[in-house]
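This report describes a protein model together with the DNA strands beside it. Please look over the sequence and the structure before reading on.

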Amino acid sequence: MAYWLFKTEPDTFSIGDLKEAPQQSTFWEGIRNYQARNFLRDQVKVGDQVFIYHSSCKTPAIVGVAIVTHAAEADPYQFDMSSDYYDAKATLKSPRWVGVTIQYQRHLKPITLAAIKANNDITELALKKANRLSIMPVSEREWDLLIAHG
DNA sequence: GCCAACGTTGGC
DNA sequence: GCCAACGTTGGC
């Protein structure tokens, strides 16, 4: 089992939206970055735990935990011409983009980006760097540290 | 395959 | 709204 951090803009889809979704779960669509795609496609497994991180908002922070309930499958929005996520180069036969399904677990007392940056025990997490990855791995050690810290 | 131009992300 | 970082595109 592995640990991950998924970014989302709360104005678009917040952890509250996840909690209120049917079955408290959602297909995590719209990932259009190859590095993030490769994580989703190759490494994110059912049962993996996920930090939900709110970005592009007043207080960027890890705000809760979700669990992966379905491994990667083609993101249907890549085929939808009316979607912002449409990709003309993706075909049904060889989809370019995938998503996984996650289910809400619980809220955390927010672990702010400022706190993470100030925490000298956290050194590996990609958030520490000026990193724009929307899906990133979290080591077990740092997951535990962050959970304990929050 | 290099690299400049351009676009996007995301913190502040 | 600014701007740094960095990913993507496209000409050569």
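## Basis and annotation

UniProt positions are given here in the numbering used in this report, feature names are shortened, and annotations may be inferred rather than shown by experiment. In an unreviewed entry, UniProt lists residues 2–147 as "domain: EVE". The end C-alpha atoms of residues 2–147 lie 15 Å apart, and the span is 20% helix and 33% strand. Helices (H or I, at least four residues) and strands (E, at least two) are DSSP runs, numbered from the N terminus.

This is a predicted model, in which local features need pLDDT of at least 70 and side-chain atom pairs count only at pLDDT 80 or more, while totals for chains, interfaces and linings use all residues. Residues are numbered from 1 along each chain as its sequence is written, and chains are lettered from A and ligands numbered from 1 in the order in which they are written.

## The sheet

Six strands form an open sheet with mixed pairing, in the order β2-β5-β4-β3-β1-β6. Two strands pair if DSSP finds at least two bridges between them. At the edges stand β2 (25–27) and β6 (135–138); each has a single partner strand, so one side of each is left without a neighbour in the sheet. From one strand to the next, the twist averages 35°; axes are lines fitted to C-alpha atoms, for helices over the stretch in contact, and angles run from 0 to 180 degrees between N-to-C directions.

Strand β3 (residues 49–54) runs antiparallel to β4 (residues 61–74), and six bridges join them. Here Val-50 stands opposite Ala-66 in β4. Val-50 is also the bridge partner of Trp-4, as β1 and β3 pair in the parallel sense over six bridges. The pairing of β1 with β6 is antiparallel, over four bridges, and places Tyr-3 opposite Val-138.

## Strand β1

In a regular strand the side chains alternate between the two faces of the sheet. From β1, Tyr-3, Leu-5 and Lys-7 point one way and Trp-4, Phe-6 and Thr-8 the other, and all are buried (20 or more other C-beta atoms within 10 Å of the residue's own, with C-beta atoms placed from the backbone).

## Beside the DNA

Which residues surround DNA strand C? They are Asn-33, Tyr-34, Lys-129, Ala-130 and Arg-132, each having its C-beta atom, placed from the backbone, within 6 Å of the strand. Around DNA strand B are Lys-7, Ser-55, Ser-56, Pro-60, Leu-113, Ala-114, Arg-132 and Ser-134.

Technical notes: A residue is buried if 20 or more other C-beta atoms lie within 10 Å of its own, exposed if 12 or fewer, and partly exposed in between; C-beta atoms are placed from the backbone.
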